[in-house]
Amino acid sequence: MISDITIKMARCKGCGICVAFCPKQVLALDELSKVQVVNGEACIACGQCELRCPDYAIFVDKKVSQ
Amino acid sequence: MERSFEKYFRQNRLPHLWCPGCGNGIAMKAIVMAIEKKGLSQDNTVIVSGIGCSSRASGYMDFDTLHTAHGRAIPFATGIKLARPELNVIVITGDGDCTAIGGNLFIHAARRNVDLTVVLFNNSIYGMTGGQASPMTPYGKKATTAPYGAIDRPFDVCQLAIASGATYVARSTAFHVQHLTEMIAGGFDNQGFSFIEAVVQCPTAYGRKNKLPEPADMMKWMRDQAIMKPAWDKLPAEKREEKFPIGLFYSAQYEDYTTAYDEVIQRAGGDQK
């Protein structure tokens, strides 16, 4: 996994914008319609989800190699 | 990692109350990122908003903020600017607030070239009051007061701003977040009336009535229909249907209102130049 995905669950309203714009299908909505990471390994840390999240609920940081 | 723009929000007011998928949150983030980019201080920046969904933004932003009467954000902001010209005054307004209720106030502030940065969140509808058609509901699109489609032609508010005398006019969308941030930041640099239209999605009141119920669908619509200004200029007329241009439309240098007013004060005081 090359990225750290932080989700502020209290802010997520489950609009699905991050899921729709993820180019690698990393994200999905869970049964409560909140975002969850389903395939973290595929994340390329492009930040499309963070860029367009209207609720500032998801943040992606590229892992710095040690 | 905590993002640096978070310091511009009133953390105890978040999450905001906009609907799931509402584009206002994206436009508000673009404003604070532009503020950060230009290094405007929280102590000398004032956010003024009118009434409507968009205008809730002032309550979430940690600056000196003013939530004013319907359509009257620009006159309040003009007052602040004239009393304290050193402040950066930003107006957040909506399509109904700015072009219907505050239509006259908007064109006259543009005419006077008051040094304000006006960001209009255009969601094409009166969202807060239940989805009535606004002066910027596109022709033929449905609203609760236009169940068979709006027959009024919408304003092209950027053209209106240019015709009224604004000295910086730009448009962007909630899909083009970085572009929107740049356009707003450019407005801060302009000394004079700067106007930025941010096209945002309203999935609740507008999208559900117009076959775009998912917020992401509306953003994909923006991605596909918005054309950058240089490409738009080359686009033949028959290909322009359903599409709209984004980018910087107009920029000019002209004496701003506070400077002109200072000169009048000097003259009235008997200062012969």
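A surface patch consists of residues with over 30% relative accessible area and no salt bridge, in which like charges are joined within 9 Å and nonpolar side chains (Val, Leu, Ile, Met, Phe, Trp, Tyr) within 5 Å. A salt bridge is a side-chain nitrogen of Lys or Arg within 4 Å of a carboxyl oxygen of Asp or Glu. Accessible areas come from the Shrake-Rupley method with a 1.4 Å probe, and for residues only the protein chains shown count as cover.

The model is predicted: local features need pLDDT of at least 70, side-chain atom pairs count only at pLDDT 80 or more, and totals for chains, interfaces and linings use all residues. Residues are numbered from 1 along each chain as its sequence is written, chains are lettered from A and ligands numbered from 1 in the order in which they are written, and side-chain values use heavy atoms, with hydrogens and water left out.

**The sheet of chain B**

Helices (H or I, at least four residues) and strands (E, at least two) are DSSP runs numbered from the N terminus, and two strands pair if DSSP finds at least two bridges between them. In chain B, eight strands form an open sheet with mixed pairing, in the order 2-1-3-4-8-7-10-9. Strand 2 (64-67) and strand 9 (226-228) of chain B stand at the edges with a single partner strand each, so one side of each has no neighbour in the sheet. From one strand to the next, the twist averages 20°; axes are lines fitted to C-alpha atoms, for helices over the stretch in contact, and angles run from 0 to 180 degrees between N-to-C directions.

Helix 7 (residues 177-189) of chain B packs on this sheet, and its direction makes about 165° with that of strand 7 (168-173) of chain B. Among the strands that helix 7 touches are strand 3 and strand 4 of chain B; contact means heavy atoms within 4.5 Å.

Buried means under 20% relative accessible area, exposed over 50%, and partly exposed in between (1.4 Å probe, protein chains only).

| Partner of strand 3 (chain B) | Bridges and direction |
|---|---|
| Strand 1 (residues 45-49) | Five bridges, parallel |
| Strand 4 (residues 117-122) | Five bridges, parallel |

B:Val91 is the bridge partner of B:Val48. Opposite B:Leu120 in strand 4 stands B:Thr93.

**Two individual sites**

B:Asn24 lies in helix 1 (residues 24-38) of chain B and is buried, at 1% relative accessibility. B:Leu82, in helix 3 (residues 73-83) of chain B, is partly exposed at 31%. Together with B:Tyr261 and B:Ile265, B:Leu82 forms a nonpolar surface patch of about 260 Å² accessible area.
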